[in-house]
Number of protein chains: 2
Amino acid sequence: MDFPTAVKKAREALCLSQEDLARKLNVSFATVNRWENGKTTPNKLTMKAFYTFCKDRGISEITIEES
Amino acid sequence: MDFPTAVKKAREALCLSQEDLARKLNVSFATVNRWENGKTTPNKLTMKAFYTFCKDRGISEITIEES
DNA sequence: TATTTACCTATGTTATAACATGTGTTATAA
DNA sequence: TTATAACACATGTTATAACATAGGTAAATA
């Protein structure tokens with residue numbers, strides 16, 4: 001699963017809007033929106049923070065392909 | 001002072017971005033953005049909540065013209 | 001090697017649009 | 001009067017663009 005899809009799936013599984021997720025992750029709405037639309041990809045630290053966020057909330061379908 | 005200007009002044013006095021203010025007021029970024037750009041005006045309750053928010057934070061230059 | 005410069009990418013911020021939905025008001029019918 | 005229908009307006013959500021800035025990488029230089 002590519003990163004944009006992973007973000008969208010996780011977000012929807014948690015019933016959050018892009019703005020909600022941005023608030024939870026302490027990033028701007030624009031950033032989450034760009035992630036989901038494949039415009040940008042977060043750096044490794046932010047990526048890891050995102051997956052930890054998911055893991056902590058029981059979102060497990062999401063996996064990362066190491067880069 | 002018109003409402004769009006009042007919002008912008010108050011927000012800048014508090015060193016908040018539109019997104020920050022939206023979070024504080026529990027509305028979306030788009031709503032604050034539309035307020036500042038005169039696209040929409042909140043209803044009386046929301047308007048009052050905004051002015052209370054300002055008052056609580058020492059923003060006093062802002063006044064409302066009763067409608 | 002260490003430092004600095006150049007470049008690319010991600011992000012924050014603001015602005016804006018489209019669409020669906022919610023809300024409030026007004027008018028009309030029962 | 002009460003209920004409902006119609007309409008206008010505010011909001012939420014998503015998408016996108018432009019601009020400034022921060023951050024990292026890589027190359028060139030001291």
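1. Let's start with the DNA. In this predicted model, 19 residues surround DNA strand D, and the closest are Ser17(A), Ser28(B), Ala30(B), Thr31(B) and Pro42(B). Here a residue is near a strand if its C-beta atom, placed from the backbone, lies within 6 Å of it. The elements that give two or more residues to this surface are helix H2 (18-25) and helix H3 (29-36) of chain A, together with helix H3 (29-36) of chain B. H3(A) gives the most, with four residues. Helices (H or I, at least four residues) and strands (E, at least two) are DSSP runs, numbered from the N terminus.

2. What kinds of residue make up the surface near DNA strand D? They divide into five nonpolar, 11 polar and three charged. For this sorting, Ala, Val, Leu, Ile, Met, Phe, Trp, Tyr, Cys and Pro count as nonpolar, Asp, Glu, Lys and Arg as charged, and the others, Gly among them, as polar.

3. DNA strand C is surrounded by 18 residues, of which the closest are Ser28(A), Ala30(A), Thr31(A), Pro42(A) and Ser17(B). Two or more residues come from each of these elements: H3 of chain A, and helix H2 (18-25) and H3 of chain B. By class, the surface near DNA strand C has four nonpolar, 11 polar and three charged residues.

4. A word on reading the model. Residues are numbered from 1 along each chain as its sequence is written, while chains are lettered from A and ligands numbered from 1 in the order in which they are written. Because this is a predicted model, local features need pLDDT of at least 70 and side-chain atom pairs count only at pLDDT 80 or more, whereas totals for chains, interfaces and linings use all residues.

5. How confident is the predictor in chain A? Its pLDDT (the predictor's confidence in each residue, from 0 to 100) averages 89, and 90% of the residues score at least 70. Confidence in chain A is lowest in helix H4 (residues 44-56), at a mean of 90, and highest in H3(A), at 97. Where pLDDT is low, the predicted coordinates should not be read in detail.

6. Next, the two protein chains. Their contact takes four residues from chain A and four residues from chain B; two residues are in contact if their C-beta atoms, placed from the backbone, lie within 7 Å. On the side of chain A that touches chain B there are one nonpolar, one polar and two charged residues.

7. Of its 67 residues, 15% count as buried. A residue is buried if 20 or more other C-beta atoms lie within 10 Å of its own, exposed if 12 or fewer, and partly exposed in between, with C-beta atoms placed from the backbone.

8. Finally, two loop residues deserve a look. Most residues other than glycine have a negative phi. Cys15(B), in the loop between H1 and H2 of chain B, has a positive phi near 55 degrees; it is exposed because it has 7 C-beta neighbours inside 10 Å. Asn26(A) sits in the loop between H2 and H3 of chain A, and its phi is positive too, near 60 degrees. Asn26(A) is exposed, with 8 other C-beta atoms within 10 Å.
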